[in-house]
Amino acid sequence: MARDVKAAQSNRCQLCDTRLRLPKGEYAEAHHLQPLGAPHHGPDIAANIIVVCPNHHALLDYGALTLSLTDVRDHNVHGIAQHYIDYHNTFVVKAVTRCDI
């Protein structure tokens with residue numbers, strides 16, 4: 001699923017539009033807004049995935065970045081669902097912090 005979503009977004013970060021070009025191709029990471037493992041048990045579906053650069057991925061993983069659907073570039077391309085953004089903001093964010101990179 002992650003590979004398909006990254007391809008749909010042309011391997012560009014949906015927050016800062018960064019695309020990393022590496023010798024073997026372009027690179028981006030897929031972040032599950034409602035994490036897959038315990039205790040969150042999020043689904044591995046496109047609506048739960050945002051494509052991000054490594055910096056934004058770390059910020060999201062550590063709950064250091066809140067999101068709104070308007071922050072997410074081309075969120076309708078693969079249909080990110082508002083309730084997964086809400087889940088991230090409610091259960092993953094440790095401190096309400098806005099970070100600019």
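Colleague: What should I know before reading the values?

Modeller: The model is predicted, so local features need pLDDT of at least 70 and side-chain atom pairs count only at pLDDT 80 or more, while totals for chains, interfaces and linings use all residues. Residues are numbered from 1 along each chain as its sequence is written, and side-chain values use heavy atoms, with hydrogens and water left out.

Colleague: Which residues have the most contacts inside the largest nonpolar core?

Modeller: In soluble globular proteins, nonpolar side chains tend to be buried together. A nonpolar core is a set of buried Ala, Val, Leu, Ile, Met, Phe, Trp, Tyr and Cys residues joined through side-chain atoms within 4.5 Å; buried means under 20% relative accessible area, exposed over 50%, partly exposed in between (1.4 Å probe, protein chains only). Here the largest core has 16 residues, and Leu33, Ile50, Leu60, Leu67, Ile80 and Ile85 have the most contacts inside it. A second, separate core of 6 residues includes Val5, Ala28, Ala46 and Val51.

Colleague: Which residues of α3 are buried?

Modeller: Helices (H or I, at least four residues) and strands (E, at least two) are DSSP runs, numbered from the N terminus. In α3, Tyr84, Ile85, Tyr87, His88 and Val92 are buried. On the other side of α3, His83 and Thr90 are exposed.

Colleague: How far apart are the closest N and O atoms of Asp17 and Arg73?

Modeller: Side chains of opposite charge can pair when their charged atoms come close. A salt bridge is a side-chain nitrogen of Lys or Arg within 4 Å of a carboxyl oxygen of Asp or Glu. Asp17 and Arg73 form one, at 2.9 Å. Asp17 is partly exposed, at 34% relative accessible area, and Arg73 is partly exposed, at 24%.
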